[in-house]
Amino acid sequence: MGKNRSIPFVPIFVLVCALLYAAYNLFHVLTPFILSLSVAYMLNPAITHFEVLGLRRDPVVLAFYMSFGFLLALFAVKMLPLISDELSQLQTMAPTYVASTQKFLGAMPSRLAHSLPPGTSKNIEYKIEAWSAKLYDSLLNQFQHLPTYLMGLFPLLSLFFLVPF
């Protein structure tokens, strides 16, 4: 009779944890490759279709790159000024939006006080004021980082050219 062998749990668990930790830390490094491979995977059928029609692969890939560059340039010329204007308008109107939200939230405790038992309105009023202060701070913080977020998109767009089709 053979021995009942068990799989060593601890070394496998440690190995899986180490691989997950490495994947988590290398995610930013692997992102360009994952994006490029996914774009190449999605566009491969279209390029293969043109190959079946008798065109060579290199000119077709070059045409795809040039059309993507043209569309990107067209987007930059036409849409970025509109987006910039909208963002600047949003930046000037953000305090008004936050003030109206605070006004709405400030009136909420008095509206809720009529439908709640006596003595609970003070606790709710405190929670709503704390929540609205957090909301205001987080909104202002996010608006300050908005240009950084938008500039972070440009490297992702350049990753399209990393892996050819």
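These are my notebook entries on a predicted model of one protein chain.

**Ground rules.** I worked from a predicted model, so I took local features only at pLDDT of at least 70 and side-chain atom pairs only at pLDDT 80 or more, while totals for chains, interfaces and linings use all residues. I numbered residues from 1 along each chain as its sequence is written, and side-chain values use heavy atoms, with hydrogens and water left out.

**Fold.** I looked up the secondary structure and found five helices and zero strands. Helices (H or I, at least four residues) and strands (E, at least two) are DSSP runs, numbered from the N terminus. Along the sequence I read α-α-α-α-α.

**Contacts.** I took a contact as heavy atoms within 4.5 Å. Of the contacts between residues at least 6 apart in sequence, 64% join residues at least 24 apart.

**Surface.** I noted an accessible surface of about 13400 Å² (Shrake-Rupley method, 1.4 Å probe; for residues, only the protein chains shown count as cover). Carbon and sulfur atoms hold 72% of that surface. Of the 165 residues, 12% are buried; buried means under 20% relative accessible area, exposed over 50%, and partly exposed in between (1.4 Å probe, protein chains only).

**Largest pocket.** I searched a 1 Å grid over the protein atoms alone; a pocket is an open set of points where a 1.4 Å probe fits, with protein on both sides within 12 Å along at least five of seven lines. The largest pocket holds about 220 Å³, a volume being the space filled by probe spheres set on points joined across faces, edges and corners. Its lining has 10 residues (an atom within 4 Å of a point), and Leu80, Ile83, Leu150, Leu153 and Phe154 lie nearest the centre. Helices H3 (57–113), H4 (121–151) and H5 (153–158) each give two or more residues to that lining, and H3 gives the most, with five. I sorted the lining into nine nonpolar, one polar and no charged residues (Ala, Val, Leu, Ile, Met, Phe, Trp, Tyr, Cys and Pro count as nonpolar, Asp, Glu, Lys and Arg as charged, the others, Gly among them, as polar).

**Salt bridge.** I searched the whole structure and found one salt bridge (a side-chain nitrogen of Lys or Arg within 4 Å of a carboxyl oxygen of Asp or Glu). Glu51 and Arg57 form it, at 3.1 Å, N to O. Glu51 is partly exposed at 31% relative accessible area, and Arg57 is partly exposed at 25%.

**Ser84.** I placed Ser84 in helix H3; Ser84 is partly exposed, at 44%.
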